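Please read the points below as a colleague's note for someone meeting this structure for the first time.

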Amino acid sequence: MNIKASFFLARTTIFRGNKGTLVMTILIMTLAYVNLIFISSVFGGIVEAINEQSIDNLYSNIVITPADDEVYIKNKDAINSIDTIPGIVASSAHYINDAVISYDENNNGRDIQQGKWIIKSIDVEDESKTTQISDSIIEGEYLEANDRNKIVIGKEIAGKHGGDLDHLSLGGVYVGDKIDVKFNNDIKRTYTIKGIFSTKNSQADQMAFITTKELESMLHVHNLASEIIVKIDEKGQEEKYIEQIRQLGLHDEDIKTWEELTGFTSSASKSFTMISIILGAIGTIVAGVTIFIIIFVSIVNKRRQIGILKAIGMKESTIILSFIMQAIFYAIIGIIIGVSIILFIVRPFFINNPLDFPVGWVSLKITFNIIKISNISLMVAALIGGFIPAFRGTKESILDTIWG
Amino acid sequence: MIIEVKKLKKTYEGKIPTHALKDVSFGVKKGEFVALMGRSGSGKSTLLHQLGLLDAPSSGEIIIDGTNVVVFTEKQKTEFRLKKLGYVFQSYALLPELTALESVYLPLMLSDIPKAQYIKKATEMLEKVGLGERIHHLPKEMSGGEQQRVAIARALVNDPAILFADEPTANLDSESSETILELFKNLNKEIGQTIIMVTHEPDDKKHVDRVIWLKDGIIKPEGT
């Protein structure tokens, strides 16, 4: 094999051949590459949106729940020390209560709408550091530290606020309306709706919040928690912090990462990841077939020239390498232009105009890994797509190629 | 003898096998200018293809420079074509994207000769065929005669032991044809280049040392 001669032939063919064909070939390679990145990035964005919704509105990064057979996390010292661990941004302790919430619109005991929902108590300041519910208020206001007899509820509880569960809701309540809450210890109390929130996570929108002081007075407890959610500064390092939290003395408590708790959303994100992989594989095959066709057509047009090159003593391997070099060149240019289009046109566009999916606002998640995998995929596709037709083309006899 | 052909046969298989060459034997001396002549279908081009290792005979021996080339592998044939043989085809057979200079130095590039050296040698070869002023021209910018002279320069640049020419003037006007044949004659006389040329032009006889007449795949004495 003579690499210098292969390169020489590839270079002259590319740059002195038909310019229109060259432009079209590069355009096709660019589109094939953009397609590879775009599909992966959209699905990556969807998966990220699903995960972010779970983190921002439900679990934060780490969730601590009581030991088996316990109702509360009782290690007060440990609860108070979590925030001192370097790298932990904040923690928020909740009491959780399954309560029956009812609404009597006409105050006449008829047409009472009611349902069983989860009420969580929150320390307003801590909660604001660990979740983003406070930023999702669509009507009224979020709770304040000293609020009593006030409640914020998700849109699925309120009803008629764009939720999916109107048939289970209170039928349409608004800020200022009074609702009755019967806690699971049979204490019943009336609350004024202070705010209604809407996230992109249906599970979060099925919760209601009151202040911790309010619920502690109801349950006659103090400085305990049914769950503690913990926010860390670096997603993906949860296991490291779980180890440190356990060292505070929370040995028997159940401590899980947000990923372990996602359930439905986890299976949804896995499905999206799987779809992304399948579409990526199909995209790679399409790119490979495209390169195959481009090189195949080139070889058909250069059949006679291949015969001449063989006749003057050029090895088959040198000729094959020249076609592979052409295919690799098209792939590299396609990658360079494709990356430029993705990073400087498509990505800024979707940052400014994210897609409105039920799981959240979805932008493109373009990671170095996606670019690396797409680059490798296209290069391998170019290698195979260039090699097969070149190999077959050079195997024809010299007489057949020159004289047909 | 630079070429010895012994009992060479070539049969194209098919429903009805075609015997293109039937027991052909002859020899060519070093420095000889030989024409293979005969009517269409006589087997002259088939014989040239066997001698030039472009095709494999059905049986027989071809001994070039003391080596039986019929038993060569494809790799050995490729190497042998590069180092020992030169070709001039009927229809120029130049690569459209290469200039005259590039076409000529391509075989030298394959022989791993340093760049400066192969450019110098290719330029000299183009000057020798009268194209010193056209070295940077593409085939489409040259006449048929000029293109054929580029092909001749390419065939000769590796100093081949034998130059094969397959009807090199068939596509040329009479003036260009005369130029090409004069060029062959001069190469033969000046540097002792062995040339085997297929032609169907009776007038070409005057340029060659000897004519091998073929009829129906058999060598016939001249005039039969």
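1. A:S92 has A:I229 as its bridge partner in β10(A), and the strands concerned, β2(A) and β10 (residues 227-232) of chain A, run antiparallel and are joined by six bridges. Strands here are DSSP runs of E of at least two residues, helices are runs of H or I of at least four residues, and both are numbered from the N terminus; two strands count as paired if DSSP finds at least two bridges between them.

2. The model is predicted, so that local features need pLDDT of at least 70 and side-chain atom pairs count only at pLDDT 80 or more, whereas totals for chains, interfaces and linings use all residues. Residues are numbered from 1 along each chain as its sequence is written, while chains are lettered from A and ligands numbered from 1 in the order in which they are written.

3. The pair of strands in point 1 belongs to an open sheet of four strands in chain A, with the order β2-β10-β1-β11 and antiparallel pairing. At its edges stand β2 (88-94) and β11 (254-257) of chain A, each of which pairs on one side only. On average, neighbouring strands of this sheet are turned by 20 degrees against each other, direction ignored (axes are lines fitted to C-alpha atoms, for helices over the stretch in contact, and angles run from 0 to 180 degrees between N-to-C directions).

4. Chain A is assigned two domains, domain 1 (3-54 + 266-403) and domain 2 (62-257), with bounds that come from an automatic or database domain assignment. The C-alpha centres of domain 1 and domain 2 of chain A lie 51 Å apart.

5. Between the chains, 17 residues of chain A are in contact with 15 residues of chain B, contact being defined by C-beta atoms, placed from the backbone, that lie within 7 Å. On the chain A side, α1 (3-16), α10 (303-311) and α13 (398-403) each supply at least two residues, and the largest share, six residues, comes from α1(A).

6. Chain B has six helices and 10 strands. Its radius of gyration is 17 Å, close to the 17 Å that the globule rule gives for 224 residues, so chain B is as compact as a globular protein of that length (the radius is taken over C-alpha atoms, and the rule is 2.2 Å times the number of residues to the power 0.38).

7. Six strands of chain B form an open sheet of mixed pairing, in the order β6-β7-β8-β3-β9-β10. Because β6 (85-88) and β10 (218-220) of chain B stand at the edges with a single partner strand each, one side of each is left without a neighbour in the sheet. At the β10(B) end, β9 (residues 210-215) of chain B pairs with β10(B) in the antiparallel sense over three bridges, and B:L214 stands opposite B:I219.

Note on methods:
Two residues are in contact if their C-beta atoms, placed from the backbone, lie within 7 Å.
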